[in-house]
Amino acid sequence: MRILPPGPTSVAAAAASLRAGQLVVLPTETVYGLGADARDDRAIAALYAAKGRPRFNPLILHVADLAAAERILDLPAVALRLAAAFWPGPLTIVAPLRADAGISPLAMAGLETAAIRVPAHPVMRAVLAEFGGPIAAPSANLSGQLSPTTIDACHGPGASVALAIDGGPCRHGLESTIVSLAGTTPLLLRAGAVPRRRIEPITGLLGAPGPADGVRAPGMLVSHYAPATPLRLMAREIRPGEAVLDFHGQLAGLPGRAELQGVPLQGAGRLDLSPSGDLAEAAANFFTFLRQLDAMRAGAIAVAPIPDGDAGEGPGQGLGEAINDRLRRAAAPR
Ligand code: TXA
Ligand code: MG
């Protein structure tokens with residue numbers, strides 16, 4: 001995979017690759033995306049193949065601004081209020097697809113709705129401006145694996161990628177929050193980088209999708225984001241053979257994997273998502289730390305409890321819901 005630094009040259013090259021129907025890895029403020037021209041059936045088919053993604057799982061569209069989003073979706077009034085509050089940024093809105101949107105039906109998995117957001121990352125915004133069209137971009141990992149928050153983690157789809165731009169570590173580290181406005185009541189389809197508590201003042205209470213609303217899609221399936229090592233959630237002690245994903249020092253001072261095996265502690269087998277208990281920091285570290293611990297091939301990864309719901313203070317308040325959602329899917333039996 002050809003990795004370029006951000007700048008006018010790489011932005012122009014990425015836009016040219018997209019126009020040529022090729023795939024590009026691009027940084028966003030949430031996770032790295034694997035981008036393709038959303039109007040190009042062949043590029044979208046190549047994207048599904050590169051990710052090993054089931055064809056029934058629709059993609060998120062990325063556009064430069066609200067006007068571009070309105071050319072693709074029929075946005076109700078509440079969507080415009082959400083857009084004013086959170087775009088550019090990590091909120092994805094699902095709404096009815098316009099008949100004349102020109103999006104590849106394959107990208108939408110044949111649905112009559114589509115998911116769209118205006119991303120905030122300056123590199124992604126520059127590519128969108130230069131390219132001038134909608135970019136479909138799922139996370140740049142192989143389907144079912146951990147989402148990439150650094151360029152090093154983007155090698156899964158490797159061979160079929162024309163180029164990648166290294167935008168540094170992703171600021172949020174968790175995918176966008178997905179809200180559906182396609183039905184009679186607003187639904188939270190995926191907890192993510194914008195906490196529920198910031199959205200509900202605009203939408204009213206967000207419902208949970210029932211079986212009938214369901215896109216039967218991997219990001220919403222029980223087992224997803226799966227590391228090779230089993231996770232043991234809500235750990236309050238460390239067992240022999242376990243690596244440790246701690247939060248706020250809850251498991252500090254307990255004997256770790258190395259000590260339990262009679263070897264001095266190596267450090268790498270224990271990572272704390274946020275020693276100070278900041279959920280925004282924990283979210284930003286989440287996928288990278290899980291990937292590092294997974295690479296140790298421990299018997300299991302013990303994960304300290306993460307406060308759920310509205311807990312926490314400062315910028316991270318409310319992010320526990322999204323982190324715990326990822327943890328449950330990563331821990332679910334396959
Ligand atoms: O932060 C993000 O959203 C990242 C960055 C790259 O923007 N993208 C991302 O894409 O996480 P992906 O493909 O990994 O997740 C997209 C999710 C899937 O769970 C899919 O089922 C859902 O969006 N989705 C897409 N279109 C939908 C629709 N019309 N209705 C319901 N869900 C939809
Ligand atoms: Mg994904």
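## Strand β3 and its partners

A hairpin of six residues links β2 to β3. This is a predicted model. Strand β2 covers residues 23-26 and runs antiparallel to β3, with three bridges between them. Within this pairing, V24 lies opposite G35 of β3.

Strand β3 also pairs with β7 (residues 135-136). That pairing is antiparallel too and has two bridges.

## Burial of β3

Five of the five residues of β3 are buried, so the strand is largely enclosed by the rest of the structure. In a regular strand, side chains alternate between the two faces of the sheet. In β3, G33, G35 and D37 point one way. L34 and A36 point the other way. Residues on both sides are buried.

## A36 in detail

A36 belongs to β3, which spans residues 33-37. Its relative accessible area is 0%, so A36 counts as buried, the cut-off being under 20%.

Leaving out residues up to four places away in sequence, A36 touches L18, Q22, L23, A43, I44, L47, P134, I135 and A136. A36 and A15 are 21 residues apart in sequence, and their C-alpha atoms are 9.8 Å apart.

## A parallel four-stranded sheet

Elsewhere, four strands form an open sheet with parallel pairing, in the order β11-β14-β12-β13. Its edge strands are β11 (231-232) and β13 (270-272), each pairing on one side only.

Two bridges connect β11 to β14 (residues 300-303) in the parallel sense. Opposite L231 stands I301 of β14.

Note on methods: Residues are numbered from 1 along each chain as its sequence is written. Chains are lettered from A and ligands numbered from 1 in the order in which they are written. This is a predicted model: local features need pLDDT of at least 70, side-chain atom pairs count only at pLDDT 80 or more; totals for chains, interfaces and linings use all residues. Side-chain values use heavy atoms; hydrogens and water are left out. Two strands pair if DSSP finds at least two bridges between them. Buried means under 20% relative accessible area, exposed over 50%, partly exposed in between (1.4 Å probe, protein chains only). Contact means heavy atoms within 4.5 Å.
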